[in-house]
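Q: Could you walk me through reading helix packing, pockets and burial in a model? Let's have it on screen.

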Amino acid sequence: DIRLTFRDLSEQVDTAARALLARGVRMGDVVGLWMTNRTEFPIAFLAAQRIGAIVAPMNTRYREHDVAYALKLAECKLLFVVERSGPVGYVDILKSILPEFDGNRFEGAADFPHLTDVVIIDDEPSDAPVSWARFLVEADRISPEELERAAASVTPDDIALIVFTSGTTGSPKGVMHDHSIVRNIRERHEKWPIKPGDTVLAFLPSFHLFGMSDNMMAGLLIGSHQILMDIWDAEEALR
């Protein structure tokens with residue numbers, strides 16, 4: 001039951017971007033996103049790209065071996081992870097590969113030298129150091145002027161995104177895209193029948209290119225109204 005206008009989203013993206021800067025994320029650092037379709041996904045996604053960080057979305061079907069592989073391959077510095085979706089406890093999976101992580105605090109892991117920070121997205125408010133709420137509070141340490149300076153240094157040729165291939169014929173590859181992908185998506189969707197104000201049911205997973213580009217990014221560029229569906233539910237979709 002969360003509703004965001006474009007202005008709401010823009011303001012929350014800027015808050016999250018300032019929080020990332022406060023947590024030490026800078027241009028070229030990799031930010032992992034391991035979460036389902038939630039409003040926090042585009043907020044974290046766009047906040048990282050706003051300051052020139054590289055976003056590495058991860059498949060929500062990943063389990064211990066897969067997420068460990070992706071974290072190391074992308075050299076993630078910070079990871080946003082949803083606490084749970086349906087029967088799957090993502091934080092529990094993460095704790096099993098990060099023995100140093102207790103679910104409340106994270107101060108680094110020996111087997112993942114690049115990973116310095118974890119932020120948990122949960123429906124229940126929490127004051128834990130790794131909570132989304134505590135993460136956002138840190139934005140107060142960075143001024144809007146500092147954010148604008150960081151954003152101004154980003155160029156279209158900078159790497160913006162690492163997308164993992166499906167891995168059906170071997171280990172997933174991390175495919176890199178620069179910021180020109182935004183222009184490509186915009187040009188492609190000028191040919192599509194979706195117009196500003198149209199409503200799109202966004203049930204495709206945002207972690208991969210189809211849902212990421214043709215739902216989330218295209219919708220923001222066009223001005224369509226997106227209904228985020230966390231997990232596919234046929235009856236709910238029809239309603």
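Q: How are helix 2 and helix 8 oriented to each other?
A: Look at the angle between axes, which are lines fitted to C-alpha atoms, for helices over the stretch in contact, with angles running from 0 to 180 degrees between N-to-C directions. Under 35 degrees counts as roughly parallel, over 145 as roughly antiparallel, 65 to 115 as roughly perpendicular and the rest as oblique. Here helix 2 and helix 8 pack at about 75°, their axes 12 Å apart, so they are roughly perpendicular. Helices (H or I, at least four residues) and strands (E, at least two) are DSSP runs numbered from the N terminus. This is a predicted model, where local features need pLDDT of at least 70, side-chain atom pairs count only at pLDDT 80 or more, and totals for chains, interfaces and linings use all residues. Residues are numbered from 1 along each chain as its sequence is written, and side-chain values use heavy atoms, with hydrogens and water left out.

Q: Which residues make the contact of helix 2 with helix 8?
A: Contact means heavy atoms within 4.5 Å. Helix 2 brings Phe41, Pro42, Phe45 and Leu46, and helix 8 brings Met212, Met216, Met217 and Leu220. By class that's 8 nonpolar, no polar and no charged residues (Ala, Val, Leu, Ile, Met, Phe, Trp, Tyr, Cys and Pro are nonpolar, Asp, Glu, Lys and Arg charged, the others, Gly among them, polar).

Q: At what angle do helix 7 and helix 8 cross?
A: Roughly 75°, with the axes of helix 7 (180-189) and helix 8 (209-222) coming within 10 Å. The residues of this contact include Ile185 and Arg186 of helix 7 and Asp214 and Met217 of helix 8. They divide into 8 nonpolar, 2 polar and 3 charged.

Q: Is alanine 16 buried or exposed?
A: Buried means under 20% relative accessible area, exposed over 50%, partly exposed in between (1.4 Å probe, protein chains only). Alanine 16, in helix 1, has 1% relative accessibility, so it counts as buried. Leaving out residues up to four places away in sequence, alanine 16 touches Ile43, Ala47, Phe135 and Leu136.

Q: Which residues lie closest to the centre of the largest pocket?
A: Rolling a probe the size of a water molecule over the atoms shows where empty space is left. Of the 33 lining residues, Ile2, Thr39, Gln226, Ile227 and Leu228 are the closest to the centre of the largest pocket. The lining divides into 16 nonpolar, 8 polar and 9 charged. Helix 1, helix 2, helix 8, strand 10 and helix 9 each supply at least two residues of that lining. On a 1 Å grid over the protein atoms alone, a cavity is a set of points where a 1.4 Å probe fits but cannot get out, and a pocket is an open set with protein on both sides within 12 Å along at least five of seven lines; lining residues have an atom within 4 Å of a point.
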